[in-house]
Amino acid sequence: MSIAAASDLKFALDDIVLAFERQHPDISVGVTYGASGMFFAQLLSRAPFDLFLSADVEYPRKLVEQGQAEKTTEFLYAIGHLVVWVPQSSPLDVDALGIRTVIDPAVRRVAIANPRHAPYGRAAEAALKSLKVYDAVQDRLVFGESVAQAAQFVSSAAADAGIIALSLALSPPLRDTGRFWRVPADAHPPLEQGGVILSWARDRAAAEEVRRFMTGAAGRAILERYGFTLER
Amino acid sequence: MDWTAVRLSLQLAASTTAILLVIGLPLAYWLATTRRRGRAAIETLVALPLVLPPTVLGFYVLMATAPGSVPGDLYQRLTGGVLPFSFQGILLGSVLYNLPFAVRPFAAAFARVDRRLIEASWCLGASRVQTFRRVALPLAWPGILGGMILAFAHTIGEFGVVLMVGGSIPGVTRTLSIAIYDDVQALDYAAAGEAALLLVMFSFAVLAPCPFGRPA
């Protein structure tokens, strides 16, 4: 079976799939990561995926509304969180500065996901606005096509700071190479991450099995390790 | 229509073509006339972007120009700026990526110039530079124009390199092809469709009079 997954799930979902396949050796799972908005556009043209894990509940909901999926297969699997991330080599004390990291004079470029189509980009923009630094930071923003590309921009030191998913900041490649500050959950609308099984799923039973595993105890434990919670 | 993106794409294509003319012409002339060893290796290097995925090139440009890298730090010391996410950054990627699209037609045009005319020019006392300017260049001109058109058009359509090093900043790095990608992802099919149609018409208009691929 195949999954289209939001790019903040990279690493967390890789672990989940590994654990799942160990329990269900007869089911092989393929995952494609990308921007939720891009998948949504592709799924409107019936892209051949069985399960869609979005970084946002809106996209699955719209697929249900447009008849691409059944209401009963829609589910919430996590709440995402945002962090301000800087590389280990950065002189900025992100703990002390908090959101003011992004307006520090030493920072030239701040990477976020593109707010036009990436849920994490919208949340980052909302947080910058509600924490009253948006006007000062606006000219420094660079946009990744997904939150993973935003993370890549800052981890390669091409950007000086980034507002990325906590799940990526806790992932093996970034965990030891940078420092981060958690953006308060009330600074932006909650990143409710939802999924849905597509009506044209080739292997509906397997898709339901993955959903059950992911929202069950084993899946939850892995998600929590990557900072995904179910409460805000 | 996103005219900022249209203007930016034209600006990028014009700058890329101008730079390729300056570095590409001498390089192509050298490739066409030299018999030195190493020519084949240089020729292969120039052709590399024909087969390399643009993402590979974009990845290398991003890694090589980020602050903390040697070229990145050098550039910062010289100009005070950084290459990624700047117009200069996508211009660098674009020049590298379009090298074969300009240099190969240039070199082919120079190679078609009758060698006897070049040698006659030398025998009559003209220097190599004079021969290049007054004999080779005028004779090879149609092929050079073809290479310029190809490089220009190809830059307008460039996507992968700009996506990797650009960061989609309006007016700086969000070219027309990136704007189309953003529009599609944001489900703004009307805007994407308009821009896409413009590119189709542009490509047709550019290729119609171009000698590329036509029997000589």
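**A helix pair in chain B, and what lies around it**

Modeller: Happy to! In chain B, the axes of helix 6 (residues 115-123) and helix 7 (residues 128-156) approach within 10 Å and cross at roughly 140°. Axes here are lines fitted to C-alpha atoms, for helices over the stretch in contact, with angles from 0 to 180 degrees between N-to-C directions. Helix 6 of chain B therefore counts as oblique to helix 7 of chain B; under 35 degrees is roughly parallel, over 145 roughly antiparallel, 65 to 115 roughly perpendicular, and the rest oblique. The crossing of helix 6 and helix 7 of chain B is right-handed, a term used if the near helix is turned clockwise from the far one by less than a right angle, while anticlockwise is left-handed.

Before going on, this is a predicted model, where local features need pLDDT of at least 70 and side-chain atom pairs count only at pLDDT 80 or more, while totals for chains, interfaces and linings use all residues. Residues are numbered from 1 along each chain as its sequence is written, with chains lettered from A and ligands numbered from 1 in the order in which they are written. Helices (H or I, at least four residues) and strands (E, at least two) are DSSP runs numbered from the N terminus.

Back to the pair: from helix 6 of chain B, Leu117(B), Ile118(B), Ser121(B) and Trp122(B) meet Thr131(B), Val135(B) and Ala136(B) of helix 7 of chain B. Contact means that C-beta atoms, placed from the backbone, lie within 7 Å. By class, the contact of helix 6 with helix 7 of chain B has five nonpolar, two polar and no charged residues. Nonpolar covers Ala, Val, Leu, Ile, Met, Phe, Trp, Tyr, Cys and Pro; charged covers Asp, Glu, Lys and Arg; the others, Gly among them, are polar.

Helix 1 passes helix 5 of chain B in a right-handed crossing, and the residues of their contact divide into 18 nonpolar, six polar and no charged.

Across in chain A, five strands form an open sheet of mixed pairing, ordered 7-6-8-5-9; strands pair if DSSP finds at least two bridges between them. Strand 7 (141-144) and strand 9 (178-182) of chain A are at the edges with a single partner strand each, so one side of each has no neighbour in the sheet. The twist averages 30° from one strand to the next. Strand 5 (residues 82-87) of chain A pairs with strand 9 of chain A in the antiparallel sense over five bridges, and Val84(A) stands opposite Trp181(A) in strand 9 of chain A.

Methods: Contact = placed C-beta atoms within 7 Å.
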